[in-house]
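Subject: Structure handover

Hello,

Here is the structure I said I would pass on. Please look through it first, then read the notes below.

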Amino acid sequence: MRKTFESILKTAFIMLIASSPAWGENISISQLDTSRLFISSTVDCYVRITDKGGKPLEIKNPGSSISLTQTDESGSKPLKVLETGKNSESSDGITFMLLLDNSGSMYEKTDKDPETERISAAVRAARTFFSRLDQDRDSGGVAVFNRDFSLLAQPGVNLGSINDIFETIEKPTREESYTELYYTIIKAAGEMGKTAGRKAIILLSDGENYPYFKVSGKQHPELGDKSYLPGQAAEALSENEVTLYAVNFSKEKDIPLAEIAVTSGGRVFDASNEEELTGVYENIRKSINEEFRIRVRVPVTFSKAPSVDVNLNNTADDSMSYSPALIFGTGSLSSPLPALILIITGVIILAVLLFLKLEKEAHQAELTQLLSGRGRGRALEKTMLISSQNTVIGGSASADYTITGIPSIRESHATIVRDEKTDSYTLVSSNEVRVNNRAVKKRVLKPGDVINIEGATMVFDAPEKTIVKK
């Protein structure tokens, strides 16, 4: 009887463990996005929650299950959660950059398919991957590397324009058939640093770092006698807030690459043919879409590298550091005094923009983008004359003033409406934008007004007659 009772208790305990979603949970930070830090004192934290086997878990009430704190030299402070949701449910897309190894060994046959070259399998899998992304929200970039780094598509471009880019890949010469792996990561991270939001690099390589100067003894055409180390690649990913997913496409592997990827918030995969590679890409895509994006308000800090700590039901936690980037991307400050000087400098610059006209008096209303700071995006044309009654600003190519590289900018994010009777211009948006650092949805514009839309900063200017007198 006692054995039966013990057996029942044991069975019940096992069932309890199996049915409890909190048992064996893992939480990890994939990326921090600080592109809104200076404007709104907020940081987006992307977290991945899985079971013990690595499968994404459903969290019914993430707001009460997940807590975040910021830790710096002064101690730990709880962070206020402003928004929580999955990447797949957000209107903000994901920027993917695919790095394809184009060294000489990529033209050998795959391990499991003696009829197919690795580069051919890699290109076909890449086409499939980009075709499965959300064509309306997501954006992409492509680069190939060997001795040299060749950017084929700038991160943030429309996915429809990527397909034909693969046709431009050419077999390297013998002199080019090397693998500058860590240099490639550094270059790609710098390119991705120009965008904001969730961003991921997927790097496919069939071997180890094989630097040109170190192996050949000859000066690299661009790097000279310089060879990069794994730590420098990891640092570049951290500075530019990019996650690296590494894919080994042969039995030859670069051992430090795995640590670089994991440190950045990413993972490492193995693939031997096109089918496995396609499966890996799909795994990465789904995994990122299942992440939670948690927007938190962070306190002002002068710490060199404060960290955001995330905790799930007091059973699992993780942390990641970020750079405060208070002014002009400067976060490495040993004392508050230099930071205060920089803040005062920034205020003076804003005052100049707000109260002084541009050097050249405008003869027609115009919009000019200011290209400064991290995560600001790029306008297709820096300065545009406003000649129509409605001028649409957005991320779509059909917008009158198109800004690329910021996934959170909607296709038609804001409109500048001209009133012909008063010859005045009004900025209208269904989403809050900032004019002279104040959140607005509607604002009559004056010459010199500074407009900030999701981190993209531009200045409105017009002749004196467009000033609205109260």
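Strand E7 (residues 139-145) pairs with E8 in the antiparallel sense over five bridges. Phe 145 stands opposite Phe 149 in E8. Two strands count as paired if DSSP finds at least two bridges between them; strands (E, at least two residues) and helices (H or I, at least four) are DSSP runs, numbered from the N terminus.

Before the rest, some notes on the source. This is a predicted model, in which local features need pLDDT of at least 70 and side-chain atom pairs count only at pLDDT 80 or more, while totals for chains, interfaces and linings use all residues. Residues are numbered from 1 along each chain as its sequence is written, and side-chain values use heavy atoms, with hydrogens and water left out.

The open sheet

E7 and E8 belong to an open sheet of six strands with mixed pairing, in the order E8-E7-E6-E9-E10-E11. Strand E8 (149-157) and strand E11 (268-270) are at the edges and have a single partner strand each, so one side of each has no neighbour in the sheet. From one strand to the next, the twist averages 15 degrees. Helix H8 (residues 255-263) lies across strand E9 (198-205), strand E10 (243-248) and E11, and runs at about 150 degrees to E10. Axes here are lines fitted to C-alpha atoms, for helices over the stretch in contact (heavy atoms within 4.5 Å), and angles run from 0 to 180 degrees between N-to-C directions.

Ser 139

Ser 139 is in strand E7. Is Ser 139 buried or exposed? Ser 139 counts as buried because its relative accessibility is 10%, and buried means under 20% relative accessible area, exposed over 50% and partly exposed in between (1.4 Å probe, protein chains only). Leaving out residues up to four places away in sequence, Ser 139 touches Ile 94, Thr 95, Phe 96, Gly 156, Val 157 and Leu 159.

Strand E3

In a regular strand the side chains alternate between the two faces of the sheet. E3 pairs in the antiparallel sense with strand E13 (residues 307-312) over six bridges, and Ile 66 stands opposite Leu 312 in E13. E3 also pairs with strand E4 (residues 75-78), again antiparallel, over four bridges. E3 and E4 form a hairpin with two residues between them.

Regards
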